[in-house]
Amino acid sequence: MPELPEVETVRRGLAPAMEGARIGRLELRRADLRFPFPPGFAERVSGTRIVGLGRRAKYLLIDLDSGETVVAHLGMSGSFRVEQESESELPGAFHHTRSKDEKHDHVVFHLEGAEGAIRVIYNDPRRFGFMDILPRVDLDNYPAFRQLGPEPVGNTLDAEGLAVRFAGRSQPLKAALLDQSNIAGLGNIYVCEALWRAGLSPRKPAGTMVTPTGKPKKELVRLVEAIRTVIADAIAAGGSSLRDHIRTDGTLGYFQHTFRVYDREGHACANPECNGTVARIVQSGRSTFYCSRCQK
């Protein structure tokens, strides 16, 4: 599942082509993805102008001048690509084979902008992604967003706020960080990486990061900084692009080349002061990678 940095990479890749463009026509090549398209979806989108592209957690937000917003989720294998009308090939070099079968091109935004006619195509072989549309003023009450915690970028995430969420919790730290009501957009990859950077065990009870008076301990302050840093580094690198995920120009992100623990079972710990070995355990059905020697 693409995580926050991957979705942010997609947003940045789409913005030059989509922001300010008019959607001449929205073409739906099937009736559904993971869910059926909302009633009148094509008609509500066609003829509008895109005033901005945003992101909330792992969701892409396409703001229209009609006052409505398209919410798009990539699922396991969904991706967007940008094509000029006169070009049949994507820019960039493919590192992994990508489906070019039109039966997987399910949604096409036919755009009219300064660069001429452009197609933005949503391709999803597994069809686990989805698209929805609703008034922008109702976004905070959208079911997927209603209980989301703060974003792990900028200054919205802080140790004091996380201490409130963690106080009294016996839940393992890994599970608490994957809980989207605590922090929005964090997934398995970046939780493993952040915990390694902070030197914290994924098994550690979340509540032990908080003092009896409800204040964040120094370990929690360190963890928040590690989360911010790992997300910022991943966005700068273009995401991780594991398995199905690729960027809008067809190339892979490269953060996976700097993984310190994720998917490195049996490798020596990357901490130069540690002689440990990266181990893999299973927590709540998910693989966790960590070094038991330096993550306490």
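Residues are numbered from 1 along each chain as its sequence is written. Because the model is predicted, local features need pLDDT of at least 70 and side-chain atom pairs count only at pLDDT 80 or more, while totals for chains, interfaces and linings use all residues; side-chain values use heavy atoms, with hydrogens and water left out.

**View 1. Here is an open sheet of 4 strands, in the order β2-β3-β4-β8.** Strands are DSSP runs of E with at least two residues, helices are runs of H or I with at least four, and both are numbered from the N terminus. The pairing here is antiparallel; two strands pair if DSSP finds at least two bridges between them. β2 (50–56) and β8 (130–135) each have a single partner strand, so one side of each is left without a neighbour in the sheet. Look between β3 (residues 59–64) and β4 (residues 68–73) and you'll find 4 bridges. D63 stands opposite T69 in β4. Helix α1 (residues 4–18) packs on this sheet and touches β2 and β3, where contact means heavy atoms within 4.5 Å.

**View 2. Now for another open sheet of 4 strands, ordered β1-β6-β7-β5.** Its pairing is antiparallel, and the edge strands, β1 (22–28) and β5 (79–84), each pair on one side only. β1 is joined to β6 (residues 105–113) by 6 bridges, and I23 has L111 in β6 as its bridge partner. α1 packs on this sheet too, touching β5, β6 and β7 (116–123).

**View 3. Zoom in on the largest cavity, which holds about 40 Å³ of space.** A cavity is a set of points on a 1 Å grid over the protein atoms alone where a 1.4 Å probe fits but cannot get out, and lining residues have an atom within 4 Å of a point. The structure has 1 cavity of 30 Å³ or more. Its lining is made of V7, V10, K58, L60, A72, H73, L74 and F80. α1 and β4 are the elements that give two or more residues to this lining.

**View 4. Last stop: residues 260–296, where UniProt places "domain: FPG-type" in an unreviewed entry.** UniProt annotations like this may be inferred rather than shown by experiment. In the model, this stretch is 0% helix and 32% strand. Its end C-alpha atoms sit 16 Å apart.

How values were computed. Axes are lines fitted to C-alpha atoms, for helices over the stretch in contact, and angles run from 0 to 180 degrees between N-to-C directions. On a 1 Å grid over the protein atoms alone, a cavity is a set of points where a 1.4 Å probe fits but cannot get out, and a pocket is an open set with protein on both sides within 12 Å along at least five of seven lines; lining residues have an atom within 4 Å of a point. Grid points are joined across faces, edges and corners, and a volume is the space filled by probe spheres set on the points.
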